[in-house]
Amino acid sequence: MAGFKISRRRVLAGSAFLLASTALPSIGWTQAKKGGRLVVAADSEPRNLNPAIVASNGVFFVASKVVEPLAEASFDGEGGLEPRLATSWEGSEDGLTVTFKLREGVTWHDGKPFTSADVAFSALNVWKPLQNLGRVVFKNLEAVETPDEHTAVFKFSKPTPLQLIKNALPALTSVVPKHVYEGKDIAENPANNAPVGTGPFKFAEHKPGEYYRLERNDKYWGESEPQLDEIIYRVLPDRAAAAGALEAEEIQLAAFSAVPLADLERISKVPGIRVITEGYEALTYQLVVEINHRRKELADLKVRQAIAHAIDKDFVVKTIFLGYAKPATGIVPQNDKQFYTPDVATYGFDVAKANALLDEAGYPKKDDGKRFALKLLPAPYFNETKQFGDYLRQALAAVGIDAELVNNDSAAHQKAVYTDHAFDIAIAPPVFRGDPAISTTILVQSGIPDGVPFSNQGGYKNDALDALIAKAAETLDPAARIELYKEFQKKVAADLPLINVAEWGFITVARDTVKNVSNNPRWAVSNWADTYVET
Amino acid sequence: MSLRRLFRSPEAVAGFVILGLLGAMALTAPLLFPGDPLAIAGQPLLRPFQDWALPLGTDRLGRDVLAGLFHGARTSLAVGLAAAAASILVGSVVGTVAGFAGGLVDEVLMRITDAFQTVPGFLLSLALVSVVGPSLSVVVAAIALSAWTGPARIARAEVLSIRERDYVASARVIGMHPIEIAFREVLPNALPPVLALSSVIVAAAILTEAALSFLGLGDPNRVTWGGMIAEGRAVLRSAPFLSVIPGIALVFSVLGVYLAGEGVVESTAAREGQA
Amino acid sequence: MNRALRLLRRRLIGSIPVLLIVIVGSFLLLEAAPGDAVDAYVASVGGDAGMIEALRQSWGLDASPMTRLAAYLWALLHLDLGHSVAFSRPVLDVVLERLPNTLLLMGAATALSFALGTALGILAGARPGSARDRLLSIGSLALYAVPGFWLALVLTIVFSVELRWLPLSGMETIASGKTGFARALDIARHMVLPVTSLGLIYLALYLRMMRAGMAEVWRMDFTLAARARGIGRRRIVLRHVARNALLPLVTMLGLQSAQMLGGSVVIESVFSVPGLGRLAQEAVGSRDTPLLIGIILVSAVLVIVINLLVDIAYAALDPRVGANEANA
């Protein structure tokens, strides 16, 4: 009943956004709405606010309004992209060069002009050597030529698929000013905490523990943008704080599910507040059971299949995510339009089959009803990963596997799982970033050094799969590349190096007065140039 | 005689009744609710008094709140008693040694005690649990770590006054080993005032465990009331019973421990006053 | 006053070993923790092996623990609290930024619980055993038994969300541009709920101590003499009984300061007050050893200073107390 109500609200809200975004270009209409201060909830204060170095959603949430990428994700743009600092991109036949035409008439917040030199500097000195994701995607980038001020030509030493580069544009290509960073220690530059960019908002101040404040950039290149005068990020570290703050009108918007899922049904009925599920389509998080294949029992495919059969994905989606998620079928999420295939081995919820598989594998129930014991480490980053830990312990108990939960904080979890491999099964929330090569294939690829988070640290090694990953990384033809990744998904689902349980986007809760919310697939981490507060 | 005095105060009676109930819940939990209280028992977020199989309803995952309450009494009591026992043990040993040995040993032990009292106790527990990882024994150790200083100081003060008394002197004369004197003659006599602290420590331990659980530092394999409150917090507005029920249990237990403890202290004080 | 100065000097010298124990203890604690500052950072942003190694080098975490402890102590000798790795700023700056907020919260909460607790304690102790006494004693105990975070959450829902009388969180209205009196008033409004939540918990301590102290004074000779002389009950309560029962409360004030700093962790978290307690929690989470030691050191100094002030006040109030005993 209530669920129906919410979903109807959602549909109505969604269509309202579409109308709003198509209506926007009429200038007279937008000018009347200019101005306003938007106050949003932030749950953390990143150590480094430079999105060119730290490509993470926590950083983007604040910094993407200040520092822009070459292109942004879009619901209806060509290839799912909308130009930002680049206006066009073109790859060569041999996959060794990509040419970007850059936007003209753009200035940095300090008044200096934006040129191709800035892009070349960002790519070669920041993305490739320093960025958490860029170190992988741009590893073969050799040089960036700048024939004129508004053209940047990327030269790769090995063929690099344009498809991958395009998919990487929104998250990996934040451009920082060369004149601010050049000749200094980039990693410790003070601008990392007070970023200078070309975006619609300028970084104004940060009061640690209290707030960030961004101011309108009057010289922004976007016509009649930005709409807001000011954005303020209130630091609310307590998980329960955002809902109250929204109701008390101390904040107007809480993104990234800052309002707990369990509170959404109630808050959706509060007048003046709406719950929005759109705007996270390109930021899909995956709920994954990581498996340590060094454990003799878990090295057995039958045991892994049994675990997969023991998990009731529908229960997880319905109870832990309260419907705000989808059961996963494989390692690529269903909402990905390019690569996803449903045509893989599936593991329905079937306790009897799980028990039979475990018996077959040679681990019969002992007198106390238990087969063997496991150490289960849920990642501490989300309520849902911890709750799923509680559930998984029970689900495993039902098939005779005695799992002991070990709750660690992030540092200890990182060390235990990804460096020391001191786990049997772990629960992780990796992100799918639009292309399997960015942060998905490393979940199952072998030969990754110890200590790398969200990568295969379970000791899994499958030569055929490794070869497939390597081949796809160099395949230029988009269709052929997609086929290879479909093959990849099938192999992963068949051999279960890890178990994909569910995939979810976050929820935004906003007051009705905030307009143009969630109008692109990475909305929370996009530039909010057209957002405004109706007064 | 002293029992009658003890039960003359209605507060003390209330305290003992609560403690009795708590003890009964803890003892009967495995009989009334066999199996894992964390197991999923029914439809999630069932309100209280809807289904007589689950009279107090269920939490977000469909776990039985009543079973949690009973098993939680076990853990809360265990945490409280274990932490109090540990801190009184450590504290009275340190205090006795310091008071009895005197000199440099006393100086060193008391500086360490100072150091522990200077650091906010909860901060210490918080740091220890987040560093070692939350399990019941670590939580107990963390609470004891911040609570042993009170018993240590009182034990030392008592020992200082007792060591000069006649029977200690005579023990010395008959050639008892100093360590034997300290732990056989002095400590037992220094203990009663230290034990008077135990109700305060038990109560503080139960509350500290709850606060740690609130910050996500409880043992995930056990039900505790603190953990239940913390879980229910996300739905405080839509399903308040989830945090109110264990909250009330917590308040009553702490109150019961206090009142009972106070009753005991007062009745012994009155007896001494009479003697 | 000379005595106070002597006491001060003795105390400062006496606290050096205490502080040293605190420093080494906290260092070893974080050193024994699984995962270091780089692990904490990488867990939030991701990264590859080369980046992790480079970070460890640039944050100085590749040296052995003993080398780092020695370097830290050496720097501390020069009054340098070091560099916070999580904030990439000097520890002293980060700590001093938050200290006033915590002092304000703790000071106001202490004042509240002390004043209200004493007053109610007098009311309760004036007629020991009366219904009023029982009600106050049990009521305050019940408040003490309520978990602080729970009280805080309920207060916010009632007064901030439903009634909207008071702001929900933070220290002051953000970027309001208020100055002077208007700003002070704004901060005061924001502090009402956190101070109440923190202060009400400790109310019971003062109430019960006052009441217990009064019960004893009632039995003393001079009180009996005053009663025999026919002095009014109200006057006896205020002039003789309460005044004499007040002294131990002052000592309690000192002892309680460390506890309250701990209690403020949770309250600061619920009300988003940028204070030391929350900072300490963040420092543990990000394995920021210099920052955590800095916070513990600053709060230890704070506790020592408060206790010193209490002792001085005590010595001034009660001439019987010698400076020698005050250290026991």
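The following dialogue reads selected features of a predicted model.

Me: Which conventions apply to the numbering and to the model?

Reply: Residues are numbered from 1 along each chain as its sequence is written, and chains are lettered from A and ligands numbered from 1 in the order in which they are written. The model is predicted, and local features need pLDDT of at least 70, side-chain atom pairs count only at pLDDT 80 or more, while totals for chains, interfaces and linings use all residues.

Me: What are the helices and strands of chain B, and how many are there?

Reply: Helices (H or I, at least four residues) and strands (E, at least two) are DSSP runs, numbered from the N terminus. Chain B has twelve helices and zero strands. Its C-alpha atoms fill a box of roughly 75 × 50 × 30 Å along the principal axes.

Me: What percentage of chain B is buried?

Reply: A residue is buried if 20 or more other C-beta atoms, placed from the backbone, lie within 10 Å of its own, exposed if 12 or fewer, and partly exposed in between. In chain B, 56% of the 275 residues are buried.

Me: How is the packing of H8(B) and H9(B) described?

Reply: Two packed helices are described by the angle between their axes and the distance between the axes. Axes are lines fitted to C-alpha atoms, for helices over the stretch in contact, and angles run from 0 to 180 degrees between N-to-C directions. Helix H8 (residues 166–173) and helix H9 (residues 178–195) of chain B pack at about 150 degrees, with axes 10 Å apart. H8(B) and H9(B) are therefore roughly antiparallel, a term for angles over 145 degrees. Tyr167(B), Val168(B), Ala171(B) and Arg172(B) of H8(B) make the contact with Ile181(B), Glu185(B) and Val186(B) of H9(B); residues are in contact if their C-beta atoms, placed from the backbone, lie within 7 Å.

Me: At what angle do H6(C) and H8(C) pack, and is the crossing left-handed or right-handed?

Reply: Helix H6 (residues 131–145) and helix H8 (residues 180–218) of chain C pack at about 145 degrees, with axes 7 Å apart, and the crossing is left-handed. Among the residues that meet are Leu136(C) and Leu141(C) of H6(C), and Leu200(C) and Leu207(C) of H8(C). The contact holds nine nonpolar, two polar and two charged residues. Here Ala, Val, Leu, Ile, Met, Phe, Trp, Tyr, Cys and Pro count as nonpolar, Asp, Glu, Lys and Arg as charged, and the others, Gly among them, as polar.

Me: How many residues does H13(A) have, and how many are buried?

Reply: H13(A) (residues 383–397) has 15 residues and reaches 22 Å from its first C-alpha to its last, close to the 21 Å expected at 1.5 Å a residue, that is, 1.5 Å times one less than the number of residues. Twelve of the 15 residues are buried, including Phe388(A), Tyr391(A) and Leu392(A). Among the elements of chain A against which the buried residues pack are strand S13 (284–291) and helix H10 (301–310).

Technical notes: Two residues are in contact if their C-beta atoms, placed from the backbone, lie within 7 Å. Angles under 35 degrees count as roughly parallel, over 145 as roughly antiparallel, 65 to 115 as roughly perpendicular and the rest as oblique. A crossing is left-handed if the near helix is turned anticlockwise from the far one by less than a right angle, and right-handed if clockwise.
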